[in-house]
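Colleague: I have a few questions about the words used for this model. Could you take me through them?

Modeller: Gladly; here it is.

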Amino acid sequence: MTKTSKGLLCTILAATLLAGCGNNNSGNSGTATGDTTSTGSVAKSVTLKMFIAQPRFKEQYDNYIAEFVKKEKTDKNIDVSVQLEMPTADNASQILKTRLASNDAPDIFAIHAVNEIPSYYKAGYLEDLSSQPFVGKLLDSVKPSVTTTDGKVVALPLETLSWGYLYNKKIFKEQGLTPPTTLTEMKTVIEKLKAQKITPFVLSYKESWIPQLVLPLAVGGMMKTEDPEFVNKMNKDEGSFTEMKSAIFDVFDLINANGTAKATEVGGDDGAAAFAAGKGAMWLMGPWYAETILKSNPDLDFGVAPLPINDDASATLINLSASTSLAVSPTSKNKEVALDFLNYVLDDQASNAFFQSLKFNPVSTVHTYESYPWITEATTYVKAGKSVQDPAIPQSVKDEVGKGLQAYYAGQMSQDDVLKALDKAWKSFNKVNK
């Protein structure tokens, strides 16, 4: 997917019509449109730029934005046009950084709460949202993920995640299997599946963010059981990923040796379709792909389980994190409308249907919908103490491991090559963020 054609999905939603992409960069929140109300007041015209790297949810965002446009017109007599960019996750971080550095910031943009808020806040790219109405609606368990060390809320969380890997419950039940708690047990599960001519894993590594999922699972498990200071050591240039070599590669090699073919030609959507069709019993993926999976097979019964990384069952843990979050640029010329949209995301009436359509976890007190089965299953592990907070690994390091594991799978890099690249990426991050 290219940055200019496939990686960019642009939608302009006007108050009175849906139009194609344009080059309206005026950013003037007070431009008259000629439209008047019954009282004769002239409506303002605003072009709001959004940057959200979730192209698979384009329809849901388009619909919700359209409702916001109507509300803004009714409530404030503002004609809002929205330019929505939806690049792929692989391209988004670099595109956004370039835009921010060149003073071309979107009014609203999505970032990863754990990985990106600290550096973006330090660089001055995040508006202080602490006084916004939505803040008081956030669940106590979610609010810290978007709060800086000096106590400012700087983003609105969209996704909270409880994840490990996905498994086909029907296949597991038919074969008399339960999710394994150790790497040895996983090997036994794999052999039983293969004996029945069932491919154990769906592989989908075309997008580099997918293979990198093994990294936070491995690091989180090791930090919970053996090395709680790993991230702190790496931040001080005192650690090395060589300490994580077995935790990362033992399970990654096992998955690769027992998965579907041509992984580097299969992206997330194709992987979801393959998993939905039963072409693999397990998939290294999180429940954020639930909507895509169920679109292919609405009747699929799938679960979420923690991925074993070694033979210590206490290191087999569900990863808890807040990921996609919406921020506002301090330089936005349309800040009033941008803030209105963020608050509308947690609107008392509309928010439930929006989050349900995305199949996201509840993040707010206004969310009263029933949790999905896979969320309930993951929560049983959390309640049993079998979870760990997502390690605070810099996004640049995660980007590097994704590319490295793609190359490793293709036989172009060794394990040591990948680990050296990760150490180098973290040291480079430290130099920039001292």
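Colleague: What makes Lys 197 exposed?

Modeller: Its relative accessible area is 77%, and exposed means over 50%, buried under 20% and partly exposed in between (1.4 Å probe, protein chains only). Lys 197 is therefore exposed. This is a predicted model, where local features need pLDDT of at least 70, side-chain atom pairs count only at pLDDT 80 or more, and totals for chains, interfaces and linings use all residues. Residues are numbered from 1 along each chain as its sequence is written, and side-chain values use heavy atoms, with hydrogens and water left out.

Colleague: Where is Lys 197 found, and what is its phi?

Modeller: Lys 197 is in the loop between α5 (183–195) and β10 (201–202); helices (H or I, at least four residues) and strands (E, at least two) are DSSP runs, numbered from the N terminus. Its phi is near 65°, a positive value in a residue other than glycine. Most residues other than glycine have a negative phi.

Colleague: Why is Asp 237 called partly exposed?

Modeller: Its relative accessible area is 39%, so Asp 237 is partly exposed. Asp 237 sits in the loop between α7 (230–235) and α8, and its phi is positive too, about 60°.

Colleague: Is Ser 364 buried or exposed?

Modeller: Ser 364 has 1% relative accessibility, so it counts as buried. Ser 364 lies in the loop between α12 (351–358) and α13 (373–383).

Colleague: How do you know that the span of α14 is close to the expected one?

Modeller: The expected span is 1.5 Å times one less than the number of residues. Helix α14 (residues 395–409) has 15 residues and reaches 21 Å from its first C-alpha to its last, close to the 21 Å expected. Among its buried residues are Val 397, Val 401 and Leu 405. After α14 comes Gly 411, with a positive phi near 80°.
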